[in-house]
Amino acid sequence: MRIRAAIARRGDTRFSIEDCILAAEPQRREVRLRLLACGICHTDLAARDQHLRTPLPAVLGHEGVGVIEAIGSEVTGLAIGQRVLASFGACGECPSCTSHAPAYCRHLATFCLLGQRLDGSSPIGQLTGHFFGQSSFATHAIVASTNLVPLAEDLPPALMAPLACGFLTGMSAMAQVLAVGPGHAVSVSGCGGVGLAAVMAARIMGCERILAIDLQPQRLQLAMELGATATALADEQGIAAAHPIVAGWEGLTHALDTTGAPAVIEATFQRLLRPRGRMVCAGVARPDATLTLNHNALMLSGKTLRGTIEGDADPVQFVPRMIDWYRDGLLPLERLVRTYPFEAINDAVADMSAGRVIKPVLVFDPSDPSNAPVKSAPSNATVVDGP
Ligand SMILES: [Zn+2]
Ligand SMILES: [Zn+2]
C-alpha cells in the first residue's frame, strides 16, 4: 500500500517526505498501524547522523501511537480498530523478554539499531523500515506486536507518544532501576525530556531532595517547576556548583545521568555520590566515549555504577503505571511536549536542535480533535533536549 514517509537519506540533512510502498499485510506477529502521533527522540537523530549502525536510507521514528488496521495471525489480546502505543521492538521469546526485561532482548540490535525484522527483511522494500520494530515517521507502519500497549480513546495521542521511549526511560530509570523513595537524595544530570521525566518520577516516588543539573538556566527553572528541590548550573569547567548543595545533603544516595558526558558522569560518581550510593547512566554518548575511574576509590566506596536501556522497563507493565500518574494529575506532560504536523518534521528537528522545544511530537491529522489537544511547551523557556 502507498504511504507517506519521512526518509533519512544522509546524515545531517533534512528528512524528505516521499510516497513509498509499505507491505500491506503484517506478518504473523505484527500489526499494521495508521499513525496518529510520533515523538522525535535523540536516537532518531543519532541514527540519521550515523552515530548508530542504522543503514540509510531509512524511515526512522520509534515513539508511535496509532490505530490497528490489520493484525497478524498470532497476535493475541489486540483487535482491529484499537488504539495502541508502540514501544521499542523485542522478540518476546528470549530469556530477557520472558523475564520482563525486553530492553535486553537478544535481538534488540536487529530491531532497534539495524531496523530490520528478524528475517532481515524490511516492510518498506529497499528502505530500512522496521526501526525499533516500527519506523513510525510515516502515515502507516508495520509494527512488532511484543511491546504494543493498548491506549484508551480519551488519552491524547501526542502526549502519550513520548511514553514509548524517552519518558519511559527517565521515569523507569528513577522509579525502577534506582528505585528511589522517601529519605533519598538524588541528582539528575541533563534536563532534556529524559531527565525532566526522571525529575517528575523522583517527586512521585517521594524523594525530598532532588538536584537537577544542566548547562541552561531555563531548563533548571522548568525542573524546579516539575519537582526538583535544588539546581546546579553546570559550565564548561564542570559541575562544581553542585558541590555545596550535595555537601549539605551528606552526598547523594542515587544519581541518574542523561548526558552521556564522561566528565559529568565521573565527577558525579566520584565526588557527589555518598559511599554505597548508586548511579545509573541512561544517556546516548558518542561511540568512542570512555569512562575513567580510580580503582581503589571505587573499591573503598562501595558504590555501584551501571547503565540502562529504556530504564529496564517492560513497557506493557510500566506504560500503564505512567498513564495512571498522568490521570492522577502527577505528570504535566503538556509542559514538555509541543506538536507539529507530520509534514513539518524538519521544523520540529530544527526547534529541538536549537533548544526551542523539549519534546517535539508529530501529529498526522491535526484537524482530528482527538489528536490535537496539546498545549505548547512553556513559552518562557528556551530549552535544549538531550545529551
Ligand atoms: Zn527477546
Ligand atoms: Zn528513543
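Predicted model: local features only at pLDDT ≥ 70, side-chain atom pairs only at ≥ 80, totals over all residues.

Reader: Which residues of H4 make the contact with helix H10, and how are the two helices oriented?

Author: The axes of H4 and H10 (residues 315–327) come within 11 Å and cross at roughly 90°, so the two helices are roughly perpendicular to each other. From H4 the contact takes in Phe 167, Leu 168, Met 171, Ser 172, Ala 175 and Gln 176, and from H10 it takes in Pro 315, Phe 318, Val 319, Arg 321, Met 322 and Trp 325. Here the classes are 9 nonpolar, 2 polar and 1 charged.

Reader: Are H5 and H6 roughly parallel or roughly perpendicular to each other?

Author: Angles under 35 degrees count as roughly parallel. H5 packs with helix H6 (residues 217–226) at an angle of about 25°, their axes being 9 Å apart, and the two are therefore roughly parallel. Their crossing is right-handed. Leu 196, Val 199, Met 200 and Arg 203 of H5 meet Arg 219, Leu 222, Ala 223 and Leu 226 of H6, a contact with 6 nonpolar, no polar and 2 charged residues.

Reader: Which residues of helix H11 are buried, and against what do they pack?

Author: In general, an α-helix has 3.6 residues a turn, so residues three or four places apart point the same way. In H11 (residues 345–354) the buried residues are Ile 345, Asn 346, Ala 348, Val 349, Asp 351 and Met 352, and they pack against strands S1 (2–8), S2 (16–21), S15 (337–341) and S16 (359–363) as well as helix H1 (42–48). After the helix comes Gly 355, with a positive phi near 85°.

Reader: How many disulfides are there?

Author: A disulfide is a covalent bond between the sulfur atoms of two cysteines. The count for this model is 0 disulfides. For Cys 38, the nearest cysteine sulfur is that of Cys 41, 9.5 Å away. Cys 38 is buried, at a relative accessible area of 0%, and Cys 91 also counts as buried, at 6%.

Reader: Where is there a cis peptide bond, and which residues other than glycine have a positive phi?

Author: The peptide bond from Leu 56 to Pro 57 is cis, with omega near 0°, and Pro 57 is placed in the loop between H1 and strand S4 (58–59). His 100 has a positive phi near 60°; this residue lies in the loop between strand S6 (83–86) and helix H2 (108–113), where it is partly exposed at 47% relative accessibility. Glu 310, with a positive phi of about 50°, lies in the loop between strand S14 (304–307) and H10 and counts as buried at 7% relative accessibility.

Methods. Residues numbered from 1 in each chain as written. Chains lettered and ligands numbered in written order. Heavy atoms only, no water. Disulfide = S-S within 2.5 Å. Buried < 20%, exposed > 50% of the residue type's maximum accessible area, 1.4 Å probe, protein only. Axes fitted to C-alpha atoms, helices over the stretch in contact; angles between N-to-C directions. Helix = DSSP H or I, 4+ residues; strand = E, 2+ residues; numbered from the N terminus. Parallel < 35°, antiparallel > 145°, perpendicular 65-115°, else oblique. Contact = heavy atoms within 4.5 Å. Nonpolar A, V, L, I, M, F, W, Y, C, P; charged D, E, K, R; others polar. Left-handed = near helix turned anticlockwise from the far one by under 90°.
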